Amino acid sequence: KAPQVGRHAWVVSLDLNSLYPHLMMQYNISPETIVDRRTANVSVEKCLAKQRPESILPDHSIAANGVHFRKDIRGVIPMIIDGLYAERKVIKKNMLGTEQNINDIKNHTPNEESKKELNELEISHTTLNSQQMAIKIMMNSLYGSMANRWFRYYDVRLAEAITLSGQLSIRWAEKAVNDYMNNLLATKDYDYVIAID
């Protein structure tokens, strides 16, 4: 949505963690799990209004564009993302530990030995950060590849399922924040979300 122009106090920024990769895992979006079936009249607006489609099958998930995905098998793309995400999580944990060690050394009076250790830790931190960023880019590129007509498994329905389900997640978060803030501050239908990207 368009941002609310002006100066704002007490602003908080929220970020959904690896949104597209998580959506691909949640809905099991993959070339071999897509079902040649589309439920008509499914939209972000209808999902937000909790208008449940009539044709939900127990072994399918339905993305925000109405496309069905099998749940009885795990898709290759969600499996790859799950492995990459787990690896990135370990690397980020190590990176944060290294960052803490760097701060600990910087907060003490440095000597020659600690300066050498600090240099090694900073190199390690840079390496770990590069590794976790490479994994992040790789996970996000899986979405991009599905939207690329030159990709062997290109299918616009897959890309659309991801982007519209992303819109749904973000709009659902907006609704939850506004409901919470209106209840907390005893306001009615005030829009507390000043920007969404």
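**Close-ups of a predicted model**

View 1. H68 belongs to strand β3, which covers residues 67-70. Is H68 buried or exposed? With a relative accessible area of 0%, H68 counts as buried, because the cut-off for that label is anything under 20%.

**View 2. Helix α5, end to end.** Here we follow α5 through residues 156-184, 29 residues in total. At 1.5 Å a residue, α5 should span 42 Å, and its end C-alpha atoms do sit 42 Å apart, so the two values agree. Just past the helix, A186 takes a positive phi of about 55°.

**View 3. The buried residues of α5 and what they pack against.** Look for L158, A159, A161, I162, S165, G166, L168, E174, N178 and N182, the buried residues of this helix. Their packing partners are α1 (19-27), β1 (34-38), α2 (44-48), β3 and α4 (112-146). As a reminder, an α-helix has 3.6 residues a turn, so residues three or four places apart point the same way.

**View 4. The largest pocket, with about 1,100 Å³ of space.** This pocket is lined by 34 residues, and V12, S13, L14, D15 and A195 are the closest to its centre. Two or more lining residues come from each of α1, α3 (76-106), α4 and α5. Which element gives the most to the lining? That's α5, with six residues. By type, the lining splits into 21 nonpolar, six polar and seven charged residues.

Conventions:
Residues are numbered from 1 along each chain as its sequence is written. This is a predicted model: local features need pLDDT of at least 70, side-chain atom pairs count only at pLDDT 80 or more; totals for chains, interfaces and linings use all residues. Side-chain values use heavy atoms; hydrogens and water are left out. Helices (H or I, at least four residues) and strands (E, at least two) are DSSP runs, numbered from the N terminus. Buried means under 20% relative accessible area, exposed over 50%, partly exposed in between (1.4 Å probe, protein chains only). The expected span of a helix is 1.5 Å times one less than its number of residues. Contact means heavy atoms within 4.5 Å. On a 1 Å grid over the protein atoms alone, a cavity is a set of points where a 1.4 Å probe fits but cannot get out, and a pocket is an open set with protein on both sides within 12 Å along at least five of seven lines; lining residues have an atom within 4 Å of a point. Grid points are joined across faces, edges and corners, and a volume is the space filled by probe spheres set on the points. Ala, Val, Leu, Ile, Met, Phe, Trp, Tyr, Cys and Pro count as nonpolar, Asp, Glu, Lys and Arg as charged, and the others, Gly among them, as polar.
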